[in-house]
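This report looks at aromatic pairs and nonpolar cores in one protein model. Please keep the sequence and the structure in view while reading.

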Amino acid sequence: MLRFLTGYPTAGAHTPRQQLALRVAAGGAMLYYHGWHKAVEGAAYALRGESWPLLVEVAQLGLPLPLASAVFATIAQGLGSAFVIVGLFTRAAALFVAATLTVAVYANLAHGEDPQLALLYLVGFALVAWQGPGSNSVDEILTLENPKDVLK
């Protein structure tokens with residue numbers, strides 16, 4: 001029990017299961033709560049000309065190219081989160097999502113809203129980018145010299 005509480009002997013080491021859990025938790029929450037609805041609303045905007053709340057928010061921030069920025073955020077938070085979950089191009093995907101979250105923190109502060117949720121997501125994706133995908137990932141399979149080693 002003391003080893004569990006103190007972290008000894010694995011203090012500082014990240015096991016593949018821990019990395020998988022972080023990837024699935026951060027990526028899954030982002031995809032479910034933020035990425036999916038942005039994609040659905042963006043598709044409705046493109047196909048039927050409906051209002052896209054994200055595009056309105058980005059335009060209000062005064063960022064250049066609001067449509068491109070909204071599309072980037074949608075792809076990053078949707079497809080990027082899915083890539084993080086499965087561990088495909090994990091570090092790049094996590095950094096793209098973290099970039100959109102940095103803008104979300106700024107947007108919350110600019111509108112006088114609480115940036116706490118965006119900051120928590122930002123920390124999660126920054127950790128994924130920092131520690132990498134782990135061995136339970138597509139990235140690991142792609143880097144194996146012999147892909148049959150996956151079956152071992």
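## Aromatic pairs

The structure holds four aromatic pairs, where rings of Phe, Tyr and Trp (its six-membered ring) pair if their centres lie within 6.5 Å, and planes under 30 degrees apart count as stacked, over 60 as edge-to-face and the rest as tilted. One of them joins Y32 and Y33 in an edge-to-face arrangement, with 4.8 Å from centre to centre and 90 degrees between the planes. Y32 counts as exposed at 63% relative accessibility, and Y33 is exposed at 52% (buried means under 20% relative accessible area, exposed over 50%, partly exposed in between, with a 1.4 Å probe and protein chains only).

The pair of F72 and F96 is edge-to-face because the ring centres are 5.8 Å apart and the planes stand at 80 degrees. This pair links distant parts of the chain, since F72 lies in helix α4 (residues 66-86) and F96 in helix α5 (residues 90-110), 24 residues apart; helices are DSSP runs (H or I, at least four residues), numbered from the N terminus.

## Nonpolar cores

A nonpolar core is a set of buried Ala, Val, Leu, Ile, Met, Phe, Trp, Tyr and Cys residues joined through side-chain atoms within 4.5 Å. In the largest one, which has 13 residues, M30, V84, A94, V97, L101, Y121 and F125 touch the most other members. Helices α2 (16-48), α5 and α6 (116-131) each supply at least two residues of this core. A second, separate core of six residues includes L54, L55, V58 and A70.

## About the model

This is a predicted model, in which local features need pLDDT of at least 70 and side-chain atom pairs count only at pLDDT 80 or more, while totals for chains, interfaces and linings use all residues. Residues are numbered from 1 along each chain as its sequence is written, and side-chain values use heavy atoms, with hydrogens and water left out.
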